[in-house]
Amino acid sequence: MDNREAIKTLSELRRETNDSWYEEVYDMAISALEKQIPKKPMIKIDVFNENLWHLYCPTCGTWVGMHNKRLKQKDMHNNTNSEICAKCGQMFDLELEDN
């Protein structure tokens, strides 16, 4: 079972429960699993340098680093060059397309 299948199963179980405590448990589990599915960061191009992209977490909006399009080099904010948001735990897909 992969994360998407687990999310689908938990969502079905959540719909079947009438207990708010279990609904909260299911919501927390679904949220944690969704963050393990890598998402592309939001990109904002620097106003002074079009080759410099600022990267933001797609889940919580936190600035997470920069990408130099010309040098094809990433510098992630949390100093570990991690592909995970230090604030919310969202995993990133850092295969950025250079248009």
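At roughly what angle do the axes of helix 1 and helix 2 cross? In this predicted model, helix 1 covers residues 3-16 and helix 2 covers residues 20-35. Their axes cross at roughly 165° and come within 10 Å. Angles over 145 degrees count as roughly antiparallel. Helix 1 and helix 2 are therefore roughly antiparallel to each other. The crossing of helix 1 past helix 2 is left-handed.

**Where the helices touch**

Helix 1 brings Asn3, Ala6, Ile7, Leu10, Ser11, Leu13 and Arg14 to the contact. Helix 2 meets them with Glu23, Tyr26, Asp27, Ala29, Ile30, Leu33 and Glu34. Sorted by class, this contact has 8 nonpolar, 2 polar and 4 charged residues.

**Salt bridges**

The count of salt bridges comes to 2.

| Salt bridge | N to O distance |
|---|---|
| Arg14 and Asp27 | 2.5 Å |
| Asp93 and Lys40 | 3.3 Å |

Take Arg14 and Asp27. Arg14 sits in helix 1 and Asp27 in helix 2, and the pair links parts of the chain 13 residues apart. Arg14 is partly exposed, at 27% relative accessible area. Asp27 is also partly exposed, and its relative accessible area is 36%.

Now take Asp93 and Lys40. Asp93 lies in the segment after strand 4 (73-76), while Lys40 lies in the loop between helix 2 and strand 1 (42-45). The pair therefore ties together parts that are 53 residues apart in sequence. Asp93 has a relative accessible area of 26%, which makes this residue partly exposed. Lys40 counts as partly exposed at 39% relative accessibility.

Conventions. Residues are numbered from 1 along each chain as its sequence is written. This is a predicted model: local features need pLDDT of at least 70, side-chain atom pairs count only at pLDDT 80 or more; totals for chains, interfaces and linings use all residues. Side-chain values use heavy atoms; hydrogens and water are left out. Axes are lines fitted to C-alpha atoms, for helices over the stretch in contact, and angles run from 0 to 180 degrees between N-to-C directions. Helices (H or I, at least four residues) and strands (E, at least two) are DSSP runs, numbered from the N terminus. Angles under 35 degrees count as roughly parallel, over 145 as roughly antiparallel, 65 to 115 as roughly perpendicular and the rest as oblique. A crossing is left-handed if the near helix is turned anticlockwise from the far one by less than a right angle, and right-handed if clockwise. Contact means heavy atoms within 4.5 Å. Ala, Val, Leu, Ile, Met, Phe, Trp, Tyr, Cys and Pro count as nonpolar, Asp, Glu, Lys and Arg as charged, and the others, Gly among them, as polar. A salt bridge is a side-chain nitrogen of Lys or Arg within 4 Å of a carboxyl oxygen of Asp or Glu. Buried means under 20% relative accessible area, exposed over 50%, partly exposed in between (1.4 Å probe, protein chains only).
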